[in-house]
Amino acid sequence: MTTEGATDAELEYVEEFALAMERMGLVRMTGRVIGWLTICDPPEQTFNQIAETLQASKGSISNALKFLTTAHWVIRTSRPGDRKDYFSVRETAITDIVRLQGKQYGPFAQLAANGLAMLDGEGAGPERKARLEEIHSFFTWLEREMPALFERWETERLAS
């Protein structure tokens, strides 16, 4: 069984995509919308096309599109003489999502540092602090390395 505009395989992919986005902190329907917009043909879809394809309520599609357009991960366009809006995924949307998640590394490293300071104040032994030290080291490293990783990505992307 297929819905208008999507095969069963495409809908399965969209669901897998949505689950992956949910694990990254997005609402599942938001993940479904962006997942569909990454593979749909034509690449621009109307609100009704998205709702029909995903078999979702207009309210949930509206909320997802509002979030995605506000975050600038989805572009809303119109055409002369056509009263419909068209939605398409920005080419760098997924990169932007990962980059945004990367902004959490510094605060998490600071949280671990605060925990270490608290344990030091209590005179906690090294075995008690070991877990937090690992977390602090890892997130401090991620915060330092992610900008360089994104820079390399941009260089390679532009070169190809």
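Predicted model: local features only at pLDDT ≥ 70, side-chain atom pairs only at ≥ 80, totals over all residues.
Residues are numbered from 1 along each chain as its sequence is written, and side-chain values use heavy atoms, with hydrogens and water left out.

Let me stay with Ser88, which is found in strand 3. Ser88 counts as buried because its relative accessibility is 12%, where buried means under 20% relative accessible area, exposed over 50%, and partly exposed in between, with a 1.4 Å probe and protein chains only. Apart from neighbours within four places in sequence, Ser88 is in contact (heavy atoms within 4.5 Å) with Leu37, Pro43, Glu44, Trp73, Val74 and Ile75.

Turning to the pairing, which requires that DSSP finds at least two bridges between two strands, strand 2 (residues 74–79) and strand 3 are antiparallel over 6 bridges. These two strands form a hairpin with 2 residues between them, and Gly81 in the turn has a positive phi of about 80°. Strand 1 (residues 45–46) also pairs with strand 3 (residues 82–89) in the antiparallel sense, over 2 bridges, and there Gln45 has Phe87 as its bridge partner.

Taken together, the 3 strands make an open sheet in the order 1-3-2, with antiparallel pairing. Strand 1 and strand 2 stand at the edges with a single partner strand each, so one side of each is left without a neighbour in the sheet. Helix 4 (residues 58–70) packs on the sheet, touching strand 2 and strand 3, and its direction makes about 100° with that of strand 2; the axes are lines fitted to C-alpha atoms, for helices over the stretch in contact, and angles run from 0 to 180 degrees between N-to-C directions.

Technical notes
Helix = DSSP H or I, 4+ residues; strand = E, 2+ residues; numbered from the N terminus.
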